[in-house]
Amino acid sequence: MTKPARNTILGRGSYLESLRIGEILRTETIGGLVLIVAAAVAIIWANTPWGDSYFALRDLHLAVPIPGLDLNLSLGHWASDGLLAVFFFLVGLELKKEFVIGDLRDFSRAIVPVTAAFGGVLVPALIYFALNVGEGGTTLHGWAIPTATDIAFAVAVLAVIGSSLPSPLRIFLLTLAVVDDLIAIVIIAFVYTDDLDFLFLGLSLVPLLLFFVIANRFQKYFATRRWTAWAILLPLGIITWAFVHESGIHATIAGVLLGFSVPVRRRDERDGTGLAERFEHRFRPLSSGICVPIFAFFSAGVALGGAEGIAKALTDPVVWGIIAGLVLGKPIGILGSTFLLTKTRHANLDPAIRWADLLGVTLLAGIGFTVSLLVSELSFGLESPHYEHAKVAILTGSLLAAALGAAWLIPRNRRYRQLETEAQRDDNADGIPDVYEQD
């Protein structure tokens, strides 16, 4: 009896998929570097003698006078609720593209990053829960903080240290982070929504439906005339965002829903770039280069309070739950679930990938920053000391994950570079006439 064929996991995927993801990786790499700079400036400023001015700027309120809407938010809230919606709009676009035309439309390819992402969410949450279960309900609210992977930060680190690593590793990290974002979206929408206003939720469906109908009906028009998206779709998006914000659901969810509303395929079914692809090219630099770094600037700043403040933070189980979840939980969950998947009769690791390489990537997946900071704010609120401690833990855990991943992957990258050099040398030798090779 013929044995069933084993699916090769972590393979290179389709050629078009590799090109598309390669473009995303380049943009996210630049955005990740800008994000790191913005976060560093915030931390340094918050711990200088002028640190109070940083927090005064973050807490400065800016009101938009619209009757019936409560849009009097601090600059920090405008960044987390407003600017981060652009980031989640891109997440919605990418998720829809992955499941419509990407490799995730194929179950044999989707099962790997989906399983790995769920493992990378479950194990950190369990570790956090185990370290905080005896502290009561207050600290348990932060169980989702260490479950997120920051795509821009992680990709930026991998780009710097892993230029010669096999390309399937970078594709795996990006796809894993995309699925991870989907899980985070579900958690934010259902776990961190307390008071739901059904009136505003129903009202949000009206501009969202108009956005969907217009974007799908006139996608060629929006693709060829750039200004029309700003003049027609942007106002509908802002109205949708405002109503979702007032409904009690975190406003970034509006960005995801709007991203899902953009068509991926062209209506005429001919080969070419769909509207989702065009929007991604237009708006990803805005998200990676401006929106996310500004959010990081207003969210990452934390006054450490010297040795006394650090010592106090270290007594908070929230800190240890987050650090352990990011540094240990992420690689254990991702690597463990992937390993178990390869033990099934239908799955096999791509020959170009080594488990040692995959371990390094899973360490980088422990870099939780953008979404982790957002979830920490939703978990504890700006006035809670746990929130400040959570930011310290996120920064510490992310830096540890980056350092461990870099320490592990740099020698691996050096080895692959050496193999490339030897292969090129062999190719050059094959071109030399045989009369010279006889010596």
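Is Phe-283 buried or exposed? Phe-283 is buried, with a relative accessible area of 12%. I start there since that residue comes up again in a moment. Before that, a word on what we are looking at. This is a predicted model, and each value I give is computed from it.

First, the overall picture. The chain has 439 residues, and buried residues make up 53% of them. Its secondary structure comes to 18 helices and four strands. If we take the contacts with a separation of 6 or more, residues 24 or more positions apart account for 82% of them.

Now to one pair of helices. Two packed helices are described by the angle between their axes and the distance between the axes. Helix H10 covers residues 226-247 and helix H12 covers residues 275-300. The two pack at an angle of about 70°, and their axes are 11 Å apart. An angle from 65 to 115 degrees counts as roughly perpendicular, and H10 and H12 are therefore roughly perpendicular to each other.

Which residues meet there? On the H10 side they are Arg-226, Ala-229, Trp-230 and Leu-233. On the H12 side they are Phe-279, Arg-282, Phe-283 and Leu-286. Sorted by class, this contact has six nonpolar residues, two charged residues and no polar ones.

Next, the aromatic rings. A pair of aromatic rings is described by the distance of the centres and the angle of the planes. The model has 13 aromatic pairs. In one of these, the rings of Trp-230 and Phe-283 have centres 5.4 Å apart and planes at 80°, so the pair is edge-to-face. Trp-230 lies in helix H10 and Phe-283 in helix H12, so this pair ties together parts that are 53 residues apart in sequence. The two partners can be set side by side: Trp-230 is partly exposed, with a relative accessible area of 47%, whereas Phe-283 is buried at 12%.

A second ring pair joins Phe-297 and Phe-298. Their ring centres are 5.1 Å apart and the planes stand at 75°, so this pair is edge-to-face as well. Phe-297 is buried, with a relative accessible area of 14%, and Phe-298 is buried too, with 11%. What cluster do ring pairs link here? It consists of Trp-45, Tyr-54, Phe-55, Phe-297 and Phe-298.

Let me stay with Phe-297, which is found in helix H12. Leaving aside its neighbours within four places in sequence, Phe-297 is in contact with Ala-38, Val-41, Ala-42, Trp-45, Tyr-54 and Leu-57. Trp-45 and Tyr-54 also belong to the ring cluster. The C-alpha atoms of Phe-297 and Val-37 are separated by 8.8 Å, while the two residues are 260 residues apart along the chain.

Arg-217 lies over the face of Phe-218, at 5.3 Å from the ring centre.

Three further residues, taken in turn.

Arg-58 has its place in helix H2, residues 51-58. Is Arg-58 buried or exposed? With a relative accessible area of 9%, Arg-58 is buried, the cut-off being under 20%. Beyond neighbours within four places in sequence, Arg-58 is in contact with Ser-74, Leu-75, Gly-76, Phe-298, Gly-301, Glu-388 and Lys-391. Phe-298 in that list is a member of the ring cluster.

Tyr-387 is found in helix H17, residues 385-430. Tyr-387 is buried, with a relative accessible area of 1%. Its contacts, leaving aside neighbours within four places in sequence, are Ser-299, Leu-373, Ser-376, Glu-377, Phe-380, Gly-381 and Leu-382. For Ser-376 there is also a distance: Tyr-387 and Ser-376 are 6.1 Å apart in space, C-alpha to C-alpha, and 11 residues apart in sequence.

Val-91 comes last, in helix H3, residues 75-100. This residue is buried, with a relative accessible area of 7%. What does Val-91 touch, not counting residues up to four places away in sequence? Val-91 touches Asp-181 and Ile-185. Val-91 and Ile-185 are 94 residues apart along the chain, and their C-alpha atoms are separated by 9.5 Å.

To go back to the opening: Phe-283 is buried, sits in helix H12, and forms an edge-to-face pair with Trp-230. That is what I have for today.

Key
Residues are numbered from 1 along each chain as its sequence is written. This is a predicted model: local features need pLDDT of at least 70, side-chain atom pairs count only at pLDDT 80 or more; totals for chains, interfaces and linings use all residues. Side-chain values use heavy atoms; hydrogens and water are left out. Axes are lines fitted to C-alpha atoms, for helices over the stretch in contact, and angles run from 0 to 180 degrees between N-to-C directions. Angles under 35 degrees count as roughly parallel, over 145 as roughly antiparallel, 65 to 115 as roughly perpendicular and the rest as oblique. Contact means heavy atoms within 4.5 Å. Ala, Val, Leu, Ile, Met, Phe, Trp, Tyr, Cys and Pro count as nonpolar, Asp, Glu, Lys and Arg as charged, and the others, Gly among them, as polar. Rings of Phe, Tyr and Trp (its six-membered ring) pair if their centres lie within 6.5 Å; planes under 30 degrees apart count as stacked, over 60 as edge-to-face and the rest as tilted. Buried means under 20% relative accessible area, exposed over 50%, partly exposed in between (1.4 Å probe, protein chains only). A charge sits over a ring if NZ of Lys or CZ of Arg is within 6 Å of the ring centre and within 35 degrees of the ring normal.
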